Amino acid sequence: MEALEKALNALRDAAEAKGAIVVGKDGLTLSQVGVIDGDIESIGALASNSLRSPQSLGEQLGSGGLVQVLVQFEKGAVVVEPLTEEYVLVMVAGEEANIGMIRYALKKHKVELISAL
Amino acid sequence: MSTLAEFVQESGMLKAVVARTDGTVLDAAGVRPGDREVLPRAASIALRLGKVVEQYEGMGTLSGVWIQYEEGLLLVQELGEEVFLIALAGLGASVGMVRYHVNRALPDLVRAYGEAPQEQGGQDEVAFLETGEAPGGA
């Protein structure tokens with residue numbers, strides 16, 4: 001799990017995000033870095049569960065598999081991306097979040113994250 | 001041409017609808033009758049996603065959701081308290097470009113649908129979606 005934490009930290013630093021979590025499809029948190037307010041276990045579980053609907057929506061729209069969900073708020077953003085069949089990445093960014101940088105960082109560090117799983 | 005149709009034409013989006021959170025379609029552009037239930041469903045999914053995180057993060061209110069697929073990009077953007085724009089871009093769509101077009105059209109879209117959603121244009125297209133008949137009863 002040390003390699004995963006290292007990869008998560010590298011991603012969080014590059015994305016300038018507040019925190020990042022890797023959570024299983026069963027909703028259980030595997031690893032987390034950074035500072036995320038609130039109940040981490042709940043955020044991870046709910047975020048991983050919430051991917052099911054967009055996945056089936058993509059099939060209905062004929063748009064292929066789900067790549068990434070980005071939820072934007074007044075004061076930040078949350079990115080949820082499936083890493084493997086079993087694991088999902090949840091990243092929380094603050095008000096100054098640079099969406100382009102988050103997407104770039106994810107692209108850059110995704111392989112590293114997957115290989116650490 | 002409705003504000004939504006203009007947005008779809010200028011932005012190069014494949015299709016778009018403006019819908020209320022209860023799923024009522026207020027306007028549609030580029031949408032086949034078969035999509036009329038699918039796209040508004042995206043709004044409820046987006047809302048659910050947003051409410052989940054909003055509850056725990058104190059990040060303010062939800063402003064938009066982007067769902068990227070292998071062959072398309074779906075965006076859900078709030079236009080009013082209970083009104084959302086749901087739009088689908090095709091393969092190769094640039095997130096930055098889509099965002100640019102959305103931001104550019106947002107004031108007009110909010111004016112057209114966000115403030116008085118039940119009385120705005122596009123009714124013919126909605127009727128077409130609901131009945132499967134062309135506008136004007138053809």
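**The sheet**

Modeller: B:L74 has B:L88 as its bridge partner, in β5(B). That pairing belongs to a set of seven bridges between β4(B) and β5(B), two antiparallel strands. The model is predicted: local features need pLDDT of at least 70, side-chain atom pairs count only at pLDDT 80 or more, and totals for chains, interfaces and linings use all residues. Residues are numbered from 1 along each chain as its sequence is written, and chains are lettered from A and ligands numbered from 1 in the order in which they are written.

Now the whole sheet. It is open, has ten strands (E runs of at least two residues in DSSP), and pairs antiparallel (at least two DSSP bridges per pair). The order is β2(A)-β1(A)-β5(A)-β4(A)-β3(A)-β3(B)-β4(B)-β5(B)-β1(B)-β2(B). From one strand to the next, the twist averages 10°.

The chains join within this order. Strand β3 of chain A, residues 66-73, runs antiparallel to β3(B), and seven bridges link the two.

The contact between the chains takes 31 residues from chain A and 30 from chain B (C-beta atoms, placed from the backbone, within 7 Å). On the chain B side, α2 (38-57), β3 (62-69) and β4 (72-80) give two or more residues. α2(B) gives the most, with twelve.

α1(A) touches β1 (19-24), β2 and β5 (87-93) of chain A. Its direction makes about 40° with that of β2(A) (axes are fitted to C-alpha atoms; angles run from 0 to 180 degrees, N to C). In chain B, helix α1 (residues 3-11) touches β1 (15-20) and β2. The direction of α1(B) makes about 145° with that of β1(B).

α1(A), residues 2-15, has a helical partner as well: α4(A), residues 99-116. Their axes lie 9 Å apart, at an angle of about 175°. The two helices are therefore roughly antiparallel (over 145 degrees). Among the residues of α1(A) in this contact are A:L4, A:L8 and A:L11. α4(A) brings residues including A:I102, A:L106 and A:L113.

Notes
Contact = placed C-beta atoms within 7 Å. Helix = DSSP H or I, 4+ residues; strand = E, 2+ residues; numbered from the N terminus. Parallel < 35°, antiparallel > 145°, perpendicular 65-115°, else oblique.
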